[in-house]
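Some notes for you on this structure, point by point. Please read them with the coordinates open.

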Amino acid sequence: MKKFLKRCAILLAACVVLAGILALAFYLRFTPRIPAPNFPAARNTAEANQQDLQYLRDTFPITDRSLTPAMRPRFYAEIDALKSQVANLSRGELVVGVAHAVALPDNGHTGLSTSRLRHIPLRFFWFAEGLFVLQTSAENSDLLGFRVDKIGSRTPAEIYSQTRPLIPGREEYKKARSIHFLDSSDALEGLHVIPSSDSVSVELIAAGGQRVTRTFKTSSGEMRGEGEVDPRFKNGPGCDVTCDWPQLLDGGTQPLYVQRAADGYFRAWLEDIDALYVRIFAIEDVGKQPIKKFFADTIAEASRKSP
């Protein structure tokens with residue numbers, strides 16, 4: 001009996017060691033080791049931008065493995081071109097240049113986040129009929145529901161075509177993410193849609209045909225959101241100063257998929273079609289209900305109510 005227990009203990013220890021080796025191998029294979037930046041204090045903005053570009057040049061190829069060895073020369077060439085002109089580039093031109101470079105692998109999971117850029121106080125969304133104002137700051141709420149005819153000197157469709165090379169991924173994803181470039185004065189200036197990022201002129205059309213042109217001063221502060229917020233989801237995950245902004249759907253019946261936006265996951269039984277609706281935004285625990293329990297309860301409810 002003692003020999004049997006000893007053999008079991010040895011086998012168990014071997015399994016633990018093997019699991020540890022496999023876990024270490026997985027970590028070393030798929031987790032990039034990114035060195036911390038090691039530059040002297042920058043003396044000015046141009047030097048700081050030079051350092052940032054050099055750090056991106058050094059670390060991006062080991063961070064995003066979808067940048068294949070065949071793609072790297074082009075990536076290096078684009079970053080080097082930005083470095084050579086950095087003293088003459090505006091903030092917006094630098095933004096657009098970096099966005100284009102990191103979009104080269106066409107990996108939808110990696111791209112420039114616009115959440116640290118400067119934005120005007122309107123949030124847009126694409127519909128079949130065009131680009132519409134879905135959310136605004138309180139003082140611009142009279143523009144909710146207006147269709148955007150022009151931003152600066154160009155139409156939304158023209159600007160969208162300019163943003164496509166800056167956004168990696170499928171066409172649907174490019175269209176969805178383009179709204180975060182269209183309301184950014186930095187991005188618009190970098191695309192040469194507007195002459196200066198200090199202000200943005202927008203021409204809009206109401207449902208009744210009334211035309212309005214309004215000029216928006218760019219906020220001097222950066223939007224400190226956790227990410228790019230979908231304006232359909234009021235108070236949704238990562239919302240920044242827009243959390244309490246008026247939205248087109250305020251006071252009306254909201255579609256189920258935008259309800260309870262702050263919840264990482266929720267479900268609702270649809271009596272009229274005898275179906276269980278489930279929406280999941282998270283891959284980890286959110287709020288008081290662990291995601292594991294949510295899945296267990298969801299499966300149990302579906303089993304109880306299934307025909």
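Predicted model: local features only at pLDDT ≥ 70, side-chain atom pairs only at ≥ 80, totals over all residues.

1. Aspartate 274. Its relative accessibility is 41%, so aspartate 274 counts as partly exposed; the class covers values between the 20% and 50% cut-offs. The residue sits in the loop that joins strand 6 (265–270) to strand 7 (275–280).

2. Histidine 192. Histidine 192 belongs to the loop between helix 7 (185–190) and strand 4 (199–205). With a relative accessible area of 47%, histidine 192 is partly exposed.

3. Serine 184. Is this residue buried or exposed? Serine 184 has 0% relative accessibility and therefore counts as buried, the cut-off being under 20%. Its place is the loop between helix 6 (171–182) and helix 7. Beyond its neighbours within four places in sequence, serine 184 touches Leu117, Arg118 and His119.

4. Helix 3 against helix 4. At what angle do these two helices pack? The angle between helix 3 (residues 72–85) and helix 4 (residues 91–102) is about 170°, and their axes lie 9 Å apart. Helix 3 is therefore roughly antiparallel to helix 4, since angles over 145 degrees fall in that class.

5. The contact itself. Helix 3 brings Arg74, Phe75, Glu78, Ile79 and Leu82. Helix 4 answers with Gly97, Val98, His100 and Ala101. By class, the residues of this contact are five nonpolar, two polar and two charged.

6. Largest pocket. Its volume is about 640 Å³. The lining holds 21 residues, and those closest to the pocket centre are Asp52, Leu53, Leu94, Val98 and Leu112. Helix 2 (45–63) and helix 4 are the elements that give two or more residues to the lining.

7. Make-up of the lining. Which element gives the largest share? Helix 2 does, with nine residues. The lining divides into 13 nonpolar, six polar and two charged residues.

8. Val98 of helix 4 takes part in the contact with helix 3. Val98 is also among the lining residues closest to the centre of the largest pocket.

Notes
Residues numbered from 1 in each chain as written. Heavy atoms only, no water. Helix = DSSP H or I, 4+ residues; strand = E, 2+ residues; numbered from the N terminus. Buried < 20%, exposed > 50% of the residue type's maximum accessible area, 1.4 Å probe, protein only. Axes fitted to C-alpha atoms, helices over the stretch in contact; angles between N-to-C directions. Parallel < 35°, antiparallel > 145°, perpendicular 65-115°, else oblique. Contact = heavy atoms within 4.5 Å. Nonpolar A, V, L, I, M, F, W, Y, C, P; charged D, E, K, R; others polar. 1 Å grid on protein atoms, 1.4 Å probe; cavity = no way out; pocket = protein on both sides within 12 Å on 5 of 7 lines; lining within 4 Å. Points joined across faces, edges and corners; volume = space filled by probe spheres on them.
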